[in-house]
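Welcome to this guided tour. Keep your viewer open, and select each stop as we reach it.

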Amino acid sequence: MHKSLRIAAVVAACAVTGTALYGAGAATAGQSTANSTHEPYNIGLLVKDIDTYYGTTADAGGVYQASPDSPYAQDLARLDAAAKRHIDRAARKAHHRGEKPAVVFDIDDTLLLSLDYEKRYNYTFNPTTWADYVNKADRPGVFGSAELVQYAESKGVEVFYNSGLSEAQRTAAVANLKKIGADVNLDADHMFLKDKANPPAYLSSCATPGTWTCTTVQYKSGTRKHIEDDLGYEIVANFGDQYSDLDGGYADRTYKIPNPTYFVS
Ligand SMILES: [Mg+2]
């Protein structure tokens, strides 16, 4: 939703200034001649841009890693600093009012970085290779995220996880989060994973045993509604790398973790 709004704004700006929209697009793609086609951004150049953004390098074991001084890491550092200021302030306010503050974290590419998988498989999802990858429980942490989890806990803010990983992936998710130092509330009362066979009653509008029709936004916002309305917490911040992690309300603030490698609607 945010994305389409931003694209619409660019089109409007071009219309006002009379800029040739496709000419601008062609220049961005590094072409030497202007054209008026609808050619999308060149995928070879896009892959290079993504490598530059993450500072991607293969380590001694051949695993692709992001660089701690990359533009990606710098974006995360700025976002985390702002989030900490907000969490600190919101926690004080909530405690003063007698409310129970909470934060919610998505897992994939919010806490655990899947860059190696994405690059290795050309940014294309396959359920079998993905399940193998997740079950290795060896993903590196997204820079600063484990520290953010620890920070929230240190301020008396309850940490919850809200993930599209399945119940079958729970053991691997817990082991991997422990490994990166996000060792806070890794129990089933705080880590919400997708249980299509036996969905919880609070998702009954889109899921009953045997039938699952929940969109990502319905699943994730329905889980946040449960945390607020049924468990009695005030979600002061919600962290996710997809807009579908963040849309649908039930959080005072949302933080979009950068992820240019895939899109989950
Ligand atoms: Mg994610």
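Start by selecting helix H3 (residues 43-54) and helix H4 (residues 71-97), which pack at an angle of about 55 degrees with their axes 5 Å apart. Helices (H or I, at least four residues) and strands (E, at least two) are DSSP runs, numbered from the N terminus. Axes are lines fitted to C-alpha atoms, for helices over the stretch in contact, and angles run from 0 to 180 degrees between N-to-C directions. The angle makes H3 oblique to H4; under 35 degrees counts as roughly parallel, over 145 as roughly antiparallel, 65 to 115 as roughly perpendicular and the rest as oblique.

Now show the side chains: H3 contributes Thr-52, Tyr-53 and Tyr-54 to the contact, and H4 contributes Pro-71, Tyr-72 and Asp-75. Contact here means heavy atoms within 4.5 Å. By class, the contact of H3 with H4 has 4 nonpolar, 1 polar and 1 charged residues. Ala, Val, Leu, Ile, Met, Phe, Trp, Tyr, Cys and Pro count as nonpolar, Asp, Glu, Lys and Arg as charged, and the others, Gly among them, as polar.

A word on what you are viewing: this is a predicted model, where local features need pLDDT of at least 70 and side-chain atom pairs count only at pLDDT 80 or more, while totals for chains, interfaces and linings use all residues. Residues are numbered from 1 along each chain as its sequence is written, and side-chain values use heavy atoms, leaving out hydrogens and water.

**Aromatic pairs**

How many aromatic pairs are there? The count comes to 14, where rings of Phe, Tyr and Trp (its six-membered ring) pair if their centres lie within 6.5 Å, and planes under 30 degrees apart count as stacked, over 60 as edge-to-face and the rest as tilted. Tyr-53 lies in helix H3 and Tyr-72 in helix H4, so the pair ties together parts that are 19 residues apart in sequence. Tyr-53 is buried, at 18% relative accessible area, and Tyr-72 is buried too, at 0%. Buried means under 20% relative accessible area, exposed over 50%, and partly exposed in between (1.4 Å probe, protein chains only).

Next, select Trp-130 and Tyr-133: their ring centres are 5.9 Å apart and their planes at 40 degrees, so the pair is tilted. They are 3 residues apart in helix H6 (residues 127-135), a separation of about one helical turn. Trp-130 counts as buried at 10% relative accessibility, and Tyr-133 is buried at 12%.

**Charges over rings**

Move on to Lys-100, whose charged end sits over the ring of Tyr-233, 4.2 Å from its centre. Then find Lys-256 over the face of Tyr-243, at 5.3 Å from the ring centre. The rule is that NZ of Lys or CZ of Arg is within 6 Å of the ring centre and within 35 degrees of the ring normal.

**Back to H4**

Select H4 again, with helix H7 (residues 145-154): the axes come within 10 Å and cross at roughly 10 degrees. That makes H4 roughly parallel to H7. The H4 side of the contact is Asp-80, Ala-83, Lys-84, Ile-87 and Asp-88, facing Ser-145, Glu-147, Leu-148, Tyr-151 and Ala-152 of H7. These divide into 5 nonpolar, 1 polar and 4 charged residues.

**A buried Phe and a covered helix**

Pick Phe-192 in strand E5 (residues 191-194); at 10% relative accessibility, Phe-192 counts as buried. Beyond its neighbours within four places in sequence, Phe-192 has contacts including Phe-160, Tyr-202 and Leu-231.

Now colour helix H8 (residues 170-179), where Arg-170, Ala-172, Ala-173, Val-174, Asn-176 and Leu-177 are buried. Their cover includes H6, strand E4 (158-166) and E5. After H8 comes Gly-181, with a positive phi near 95 degrees.

**Last stop**

Select Asn-122, in the loop between helix H5 (115-120) and H6. Is Asn-122 buried or exposed? Asn-122 counts as exposed, at 58% relative accessibility.

Finally, zoom out: the protein chain has 10 helices and 9 strands, and 42% of its 265 residues count as buried.
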